[in-house]
Amino acid sequence: MLLRSPRILLVASLSLAAIVAAAALPLGGAAAQTRLVPAEAAASLLGGGQARGAVIWSHGRSLQKECSLVPTPDYIGAFRAAGWDTFRLNRPSITDTLSESAGALAGEAETLKHSGYRRVVLAGQSFGAFISLIAAGRSDAVDAVIATAPAAYGSAQSNPAGYGLNATRLYDLLGAVRRARVALFFFEADIFDPGGRAAIADGVLRARGLARLIVDRPAGLPTHWASIGTPFAAQFAQCLVAFAADDPARGALDCPGLAALAQPPRPPGLSRLASLPSGH
């Protein structure tokens with residue numbers, strides 16, 4: 001079911017200081033400089049015993065600039081305000097690959113879960129959305145994924161013959177997610193989006209029986225980078241905090257209270273979502 005409008009292995013005894021120290025160390029192998037770091041000041045971390053959960057945000061990848069230096073999106077701050085610990089996985093572009101970075105991310109999710117965090121959420125933009133979904137297919141430690149503008153194969157401009165893989169490979173990844181609930185956001189005027197992904201993605205996740213929130217081209221949020229700023233956070237941050245929670249909701253989920261910002265109705269045959277109880 002679709003929403004086109006914005007309704008929408010460290011051991012458990014590790015101390016918080018040890019987690020922060022470990023996060024500052026580079027990982028081995030091809031991802032030698034990949035680092036898990038606090039999204040805000042390390043002193044703000046509550047630790048696995050007190051936080052509602054942990055969120056790891058993963059940035060995109062660009063050949064023109066170093067995306068590990070880009071700011072964390074505003075909506076991640078809503079998790080911190082709600083009592084979650086927030087992190088980011090910084091990956092220098094020269095060592096950033098789907099397989100290696102996803103493996104590092106899955107490992108970090110397992111570390112956090114084993115250190116006492118009740119829920120671990122992976123959030124990612126573009127390339128970061130892809131590695132978050134891959135990690136959710138590799139580890140049961142991932143409870144939810146927030147994937148905004150998922151892409152890893154270039155744009156209509158940079159790779160006109162191959163950027164369709166941003167659709168077909170996405171469906172493959174969704175089909176491999178183990179147990180996590182999945183939120184997907186697709187935006188108007190996204191040059192990395194081949195189009196038509198929301199309906200097919202919904203079908204894949206429905207067949208898997210996974211809880212899902214799919215937002216297709218919300219009003220007032222154009223371009224591939226729409227999720228980064230304050231307007232996206234104002235519309236969706238609280239919904240995503242609720243989506244990440246440990247509740248009994250299953251199937252297609254929604255963002256209540258945002259119907260006033262709806263775009264025109266979808267064509268016949270594409271149904272809306274049920275209510276939610278409670279990159280580059």
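Residues are numbered from 1 along each chain as its sequence is written, and side-chain values use heavy atoms, with hydrogens and water left out. Because the model is predicted, local features need pLDDT of at least 70 and side-chain atom pairs count only at pLDDT 80 or more, whereas totals for chains, interfaces and linings use all residues.

**The disulfide**

Taking a disulfide as a pair of cysteine sulfur atoms within 2.5 Å, the count comes to 1. It joins C239 to C255, with an S to S distance of 1.9 Å. C239 belongs to helix α7 (residues 230-244) and C255 to the segment after α7, so that the pair, 16 residues apart, links distant parts of the chain; helices (H or I, at least four residues) and strands (E, at least two) are DSSP runs, numbered from the N terminus. The torsion about the S-S bond is about -70°, and the disulfide is therefore left-handed. C239 is buried at a relative accessible area of 10%, and C255 is buried at 0%, where buried means under 20% relative accessible area, exposed over 50% and partly exposed in between (1.4 Å probe, protein chains only).

**Helix α4**

Helix α4 covers residues 127-138, and its 12 residues should span 16 Å at 1.5 Å a residue, which agrees with the 17 Å between its end C-alpha atoms; the expected span is 1.5 Å times one less than the number of residues. Because 10 of the 12 residues are buried, α4 is largely enclosed by the rest of the structure. Among the buried residues are F127, F130, I131 and L133. The elements that cover the buried residues of α4 include β2 (54-58), α3 (98-114) and β4 (120-125).

**R80**

R80 lies in helix α2 (residues 74-81). R80 is buried yet has no salt bridge, and the nearest side chain of opposite charge, E40, is 4.8 Å away. A salt bridge here requires a side-chain nitrogen of Lys or Arg within 4 Å of a carboxyl oxygen of Asp or Glu; Lys and Arg count as positive and Asp and Glu as negative, while His and the chain ends are not counted. Not counting residues up to four places away in sequence, R80 touches E40, S44, L46 and T86, contact meaning heavy atoms within 4.5 Å.

**Positive phi in a loop**

Most residues other than glycine have a negative phi. R217 lies in the loop between β7 (212-216) and α7, and T223 is placed in the loop between β7 and α7.

| Residue | Phi | Relative accessibility |
|---|---|---|
| R217 | about 55° | 24%, partly exposed |
| T223 | near 85° | 31%, partly exposed |
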